[in-house]
Structure formats: structure tokens, C-alpha cells
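Here is a short briefing to read with the model open beside you. Take it one topic at a time and follow along in the viewer.

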Amino acid sequence: MANYTPKNSNSAPSTSTPKQDRMVVPTSKSTSSPRKSLKFLIYGRTGLIGGLLGRLCEKQGIPYEYGRGRLEDRSSLIADIQNFRPTHVFNAAGVTGRPNADWCEFHKTETIRTNVAGTLTLADVCREYDLLMMNFATGCIFEYDDAHPLGSGIGFKEEDKPNFFGSFYSKTKAMVEELVREYDNVCTLRVRMPISSDLNHPRNFIRKISRYNKVVDIPNSMTVLDELLPISIEMAKRNLRGIWNFTNPGVVSHNEVLEMYKEYIDPSFTYANFTLEEQAKVLVAGRSNNEMDGTKLKAEFPELLSIKESLIKYVFEPNRKTSAV
Ligand SMILES: NC(=O)c1ccc[n+]([C@@H]2O[C@H](COP(=O)([O-])OP(=O)(O)OC[C@H]3O[C@@H](n4cnc5c(N)ncnc54)[C@H](OP(=O)(O)O)[C@@H]3O)[C@@H](O)[C@H]2O)c1
């Protein structure tokens with residue numbers, strides 16, 4: 001239970017003892033079981049994930065407020081916690097770069113300030129106040145390698161160490177994950193290529209790739225937010241912590257997604273491919289491609305759909321503009 005006077009920061013959080021991942025409240029997994037009332041403090045109001053989280057809380061009747069503080073400003077985070085007295089903190093704030101992650105290559109200190117110093121500051125403040133922090137992180141810290149070859153079905157596991165540092169964005173995310181894993185009040189959710197049913201959102205992966213002149217065609221793990229964000233709320237209720245691959249099981253390639261787009265949305269849509277080498281010429285930094293191992297999340301949430309099933313159920317069927325055959 002959170003304590004809104006800070007505890008001695010040298011002592012261990014009362015909700016947690018030794019290691020990560022255990023359920024501190026091993027009661028019924030049903031969301032309908034009686035629980036203390038929830039109150040979520042969310043960072044990232046203007047972002048894709050933070051915006052959707054607020055709407056989800058409204059839909060589920062969960063009291064929530066967006067944090068006013070900036071992640072790197074410890075006193076502003078403390079003010080938010082003392083004013084709102086949340087039961088959980090959701091961190092969907094981060095520097096992702098506009099128009100894309102290449103921005104981070106030219107704004108390194110700004111990127112460090114939020115993604116490293118800011119994330120650590122929030123984790124540390126939450127620890128001081130005995131609060132679980134649900135941390136939206138990224139799986140773009142891995143790339144296919146000899147032990148996890150493309151097409152092998154062997155995905156990166158939660159305990160694997162990052163192996164992709166090809167962009168400054170990913171580098172900061174990999175570094176902060178290594179540090180945050182020492183905080184046992186944090187649940188790190190490794191998101192990848194987030195997709196939502198709002199096909200007009202500029203940060204939706206489908207909208208992005210459907211507007212590129214050319215796309216690479218590589219199978220990747222991806223996150224269908226309409227299915228997974230409610231799961232993040234359930235994970236908070238279950239007091240889960242540690243690192244979680246937060247993607248739908250399996251992989252889908254760019255072309256497979258765009259073929260679904262043609263089938264469900266616009267049969268006249270066309271696209272063109274280029275190679276990774278050709279892509280590298282139009283990007284400043286590298287991009288990660290990988291498969292994440294979905295076993296851990298699937299064991300906790302057996303109803304979790306594979307990426308292709310989830311895309312159809314949550315994104316393409318609700319947006320269907322073509323007639324069903
Ligand atoms: N979209 C992706 O491709 C993707 C993939 C995997 C993981 N993720 C991770 O998931 C998280 C959320 O992603 P997103 O796509 O929702 O990001 P987004 O759309 O770029 O939104 C980022 C949010 O963070 C806020 N923010 C940035 N710096 C801040 C700071 N110092 N203090 C407080 N708020 C700050 C922004 O608010 P202001 O506008 O006020 O700065 C904005 O609301 C990020 O950590 C991102 O790295 C994203």
C-alpha cells in the first residue's frame with residue numbers, strides 16, 4: 001500500500017522482497033474480484049500510448065489523472081504523487097523523436113534527460129512512495145542474431161541482454177532497462193511497433209508504413225494496443241513486476257500487414273519494397289528487427305492472441321471498408 005509520506009529511501013519497498021516478477025497479491029486473477037479502489041497517475045498525456053490509457057481508464061471507470069510534472073524534475077513528480085495519491089503510476093512518457101527516432105541522433109542530451117534520467121527519477125520516486133510503476137519501454141533493443149535467427153521462431157526472452165545499439169534512441173532505452181531492472185517496484189513492458197485500431201493516428205505503425213514510399217519486408221514482433229493496453233491495467237491490478245515482452249506472440253512482416261490493409265481497407269492500395277541496405281541510405285540511424293519470445297505473457301494471459309489473429313480481430317475487422325467474402 002502506498003504511503004504518501006516518503007519512506008526511508010534506503011529501505012526496501014514494503015510491497016516487495018527479493019526478486020522480480022512475483023505476484024505480490026496472489027489472489028484471484030479475475031478483474032471482478034474485490035480490490036482496494038484504484039487510482040492511476042499517468043505520464044504521457046499527449047502520446048499515443050498515454051492518450052489511449054486515459055481513454056481506457058474512462059471506459060473502465062478507473063479514476064486517473066495525467067501527471068503534470070516532467071520526468072527529470074523530481075520535485076514535480078513528488079508534487080503529483082502527493083496531490084493525487086495514486087495507487088499505481090503508469091509511465092508512457094518518453095522521447096521517441098519527431099518525425100522519427102533519427103531526431104534523437106541530433107538531440108542526444110534531450111533524449112538522455114527524459115529516457116534515462118527521467119525514467120530513473122520516476123522509478124526512484126515511485127520506490128520512495130512505495131508505488132508500482134508500469135513502465136512502457138521498448139523491445140527495439142534487440143536484433144536478429146546467430147542465436148535468434150530470422151524465421152527460426154526463437155525469440156528474445158525477458159532475461160536476454162540488449163544486443164541492438166544501432167540508434168541513439170535504442171541505446172538510451174537499452175541502458176535504462178539495465179538500470180531499471182534493479183528497481184523491484186517497476187514493471188517494464190517491452191512494446192514494439194505499436195498498432196491501434198485508430199488508423200488515423202500518426203504514430204500508428206500501420207499508418208506509418210502505409211504512407212512510406214518504400215518499406216522493408218521483415219517479420220517482427222508487434223504490439224496490438226487495443227488488446228495489450230487493457231492487459232497492462234490488469235497487470236497493475238495483479239501487482240506484476242519485472243521485465244515482460246509486451247508483444248503479441250509470433251511475428252508478422254511489413255508486407256503481410258500491408259496485404260491485410262489491402263484486403264480489409266483499400267483494395268487499390270499499392271506498396272513497394274526496398275532492401276535493408278537501401279533503407280539505410282534514407283535513415284540516419286539503424287532500426288531493430290526482431291522476434292520477442294511471448295511465452296511469459298501468454299502463460300499469464302492464456303487468452304492472448306497471436307499477432308495475426310489480434311490484427312484481424314482488433315484492427316482490421318473493426319475498420320473493414322471492403323465487403324466480407
Ligand atoms: N511508438 C513507438 O514506436 C514505440 C515503440 C516501442 C516503445 N515505445 C515507448 O513507449 C513510450 C510511449 O510511446 P508513445 O509512442 O506513446 O510516445 P509519444 O507518442 O512520442 O509520446 C511521448 C509522450 O511522452 C511525453 N514526454 C516526453 N518527454 C517527457 C518528459 N521529460 N516528461 C514528461 N513527459 C514527457 C510527451 O509529452 P510532451 O509532448 O509534453 O513532451 C508525450 O506525451 C515511450 O517511452 C516509447 O519509447 C514507443
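**Helix α7 and its surroundings**

The buried residues of α7 pack against α1 (48-60), β3 (88-91), β4 (132-138), β5 (186-191) and α11 (307-319). Please keep in mind that this is a predicted model.

**More on α7**

- Helix α7 covers residues 225-237, 13 residues in total, and its first and last C-alpha atoms are 18 Å apart, close to the 18 Å expected at 1.5 Å a residue.
- Its buried residues are L225, E227, L228, L229, S232, I233, M235 and A236.
- In general, residues three or four places apart on an α-helix point the same way, because there are 3.6 residues a turn.
- Relative to the strands, α7 lies across β3, β4 and β5, and it runs at about 145° to β4.

**The sheet**

- Six strands form an open sheet in the order β2-β1-β3-β4-β5-β6, and their pairing is parallel.
- At the edges are β2 (64-66) and β6 (242-245), each of which pairs on one side only.
- From one strand to the next, the twist averages 20°.
- Between β4 and β5, which run parallel, there are 6 bridges.
- If you want a spot to look at, find T138, which stands opposite V191 in β5.

**The nonpolar cores**

- The largest nonpolar core has 63 residues, and the members that touch the most others are I42, L122, M133 and I195.
- Helix α7 gives the most to this core, with 6 residues.
- A second core is separate and has 7 residues, among them I141, F142, A174 and M292.
- As background, nonpolar side chains tend to be buried together in soluble globular proteins.
- What is M133 in contact with, leaving aside its neighbours within four places in sequence? The contacts of M133 are V89, N91, L122, A123, C126, N185 and V186.

**Around the ligand**

- The shell around the ligand has 25 residues, of which G47, I49, A93, G94 and T138 come nearest.
- At least two shell residues come from each of α1, α4 (108-128) and β4.
- Which element supplies the largest share of the shell around the ligand? That is α1, with 3 residues.

**Backbone details worth a look**

- The peptide bond from R98 to P99 is cis, with omega near 0°. You will find P99 in the loop between β3 and α3 (103-106).
- D130 is a residue other than glycine with a positive phi, near 60°. This residue sits in the loop between α4 and β4.
- Why does D130 count as partly exposed? D130 has 18 C-beta neighbours inside 10 Å, and a residue needs 20 or more to be buried, or 12 or fewer to be exposed, so a count in between makes it partly exposed.
- N239, likewise not a glycine, has a positive phi near 60°. Its place is just after α7, in the loop between α7 and β6.
- N239 counts as partly exposed because it has 18 C-beta neighbours inside 10 Å.

Key:
Residues are numbered from 1 along each chain as its sequence is written. This is a predicted model: local features need pLDDT of at least 70, side-chain atom pairs count only at pLDDT 80 or more; totals for chains, interfaces and linings use all residues. Helices (H or I, at least four residues) and strands (E, at least two) are DSSP runs, numbered from the N terminus. The expected span of a helix is 1.5 Å times one less than its number of residues. Two residues are in contact if their C-beta atoms, placed from the backbone, lie within 7 Å. A nonpolar core is a set of buried Ala, Val, Leu, Ile, Met, Phe, Trp, Tyr and Cys residues joined through C-beta atoms within 7 Å. Two strands pair if DSSP finds at least two bridges between them. Axes are lines fitted to C-alpha atoms, for helices over the stretch in contact, and angles run from 0 to 180 degrees between N-to-C directions. A residue is near a molecule or strand if its C-beta atom, placed from the backbone, lies within 6 Å of it.
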